[in-house]
Amino acid sequence: MSQSGFYQSSRVAKGYLYLFSDYSLREKGKKGQPETYIPMTNQNLLEAKDILLPLEEGANRYTVISALSLENPGQSTSSKAILSQYGNYYVSNEHIYFYEENWEEEGTKTIVRKLSYQDGKLKALAKGEFWGYLNDSYSIDEYKGNLRVVVTDG
């Protein structure tokens, strides 16, 4: 199993490995060479439906997430790529929350995407935003399927 980018983290849940990598777009994509700007898993380009586009301009990197069965590790069962400026993620027992902070004149806005990961399938569920930013990993968690955050402003 291979995917674009540098290894960031991984999780194992119910017989599946979920692999996270950071794929930076250092150079502008080259016309006629989609592999220079579209992430790949096992030498195959991700399909458009599996790429989550940014809510803001200026995106220059992907967080690529792939699932693979521990019984058949050579092939991914599902992949998604999140195009952003730079973000971080929190993984609960059922969901992946990808969040990025955008510093604006009015203050800091945090954009959050929610994905499910069950039985080796990744699915984008929701996206939203709020004012403020998260100080650290202790500022975010999930309770009964709901995201909870402690926000710093100013």
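**Hairpins, sheet and cores**

Author: Start with a hairpin: strand 10 and strand 11 form it, with two residues between them. In that turn, D119 has a positive phi of about 50°. Keep in mind that this is a predicted model.

Reader: How many bridges pair strand 10 with strand 11, and which residue stands opposite S116?

Author: The two strands pair in the antiparallel sense. Their pairing runs over 10 bridges. Within it, S116 faces a residue of strand 11, namely K123.

Reader: Which residue has the positive phi in the turn between strand 12 and strand 13?

Author: Strand 12 covers residues 140-143 and strand 13 covers residues 146-149. They pair in the antiparallel sense over four bridges, with I140 opposite V149. They form a hairpin with two residues between them. The turn residue with a positive phi, about 50°, is K144.

Reader: What is the strand order in the open sheet of four strands?

Author: The pairing in this sheet is antiparallel. Neighbouring strands are turned by 20° against each other on average, direction ignored. The order is 8-9-10-11.

Reader: Which strands of that sheet stand at the edges, and why is one side of each left without a neighbour?

Author: An edge strand here has a single partner strand, so one side is left without a neighbour in the sheet. That applies to residues 88-91 and to residues 121-131. These are strand 8 and strand 11.

Reader: Which residue of strand 9 stands opposite N88?

Author: Strand 9 spans residues 95-104. Four bridges join strand 8 to strand 9, and the two run antiparallel. Opposite N88 stands Y99.

Reader: Which residues have the most contacts inside the largest nonpolar core?

Author: In soluble globular proteins, nonpolar side chains tend to be buried together. The largest nonpolar core in this model has 14 residues. Those with the most contacts inside it are Y18, F20 and I96.

Reader: Which strand supplies the largest share of this core?

Author: Strand 2 (16-24), strand 6 (61-69), strand 8, strand 9 and strand 10 (107-118) each supply at least two residues. The largest share is three residues. It comes from strand 2.

Reader: Are F20 and Y89 buried or exposed?

Author: The cut-off for buried is under 20% relative accessible area. F20 has 1% relative accessibility, so F20 passes. Y89 has 17%, so Y89 passes too. Each residue counts as buried.

Reader: What are the relative accessible areas of Y23 and Y62, whose rings are stacked?

Author: The ring centres of Y23 and Y62 are 5.8 Å apart and the planes are at 15°, so the pair is stacked. Y23 lies in strand 2 and Y62 in strand 6, so the pair ties together parts 39 residues apart in sequence. Y23 is buried at 14%. Y62 is buried as well, at 5%.

Reader: What is the distance between the C-alpha atoms of L115 and L70?

Author: L115 is in strand 10 and is buried, with a relative accessible area of 0%. Residues that L115 touches include L52, I82, I96 and L125. L70 is 45 residues from L115 along the chain. Their C-alpha atoms are separated by 21 Å.

Reader: Is T41 buried or exposed?

Author: T41 is found in strand 3, residues 40-41. Among the residues T41 touches are M1, L46 and S79. The relative accessibility of T41 is 9%, so T41 counts as buried.

Key
Residues numbered from 1 in each chain as written. Predicted model: local features only at pLDDT ≥ 70, side-chain atom pairs only at ≥ 80, totals over all residues. Heavy atoms only, no water. Pairing = 2+ DSSP bridges. Axes fitted to C-alpha atoms, helices over the stretch in contact; angles between N-to-C directions. Core = buried A, V, L, I, M, F, W, Y, C linked by side-chain atoms within 4.5 Å. Buried < 20%, exposed > 50% of the residue type's maximum accessible area, 1.4 Å probe, protein only. Contact = heavy atoms within 4.5 Å. Phe/Tyr/Trp six-rings, centres within 6.5 Å; stacked < 30°, edge-to-face > 60°. Lists of a residue's contacts leave out its neighbours within four places in sequence.
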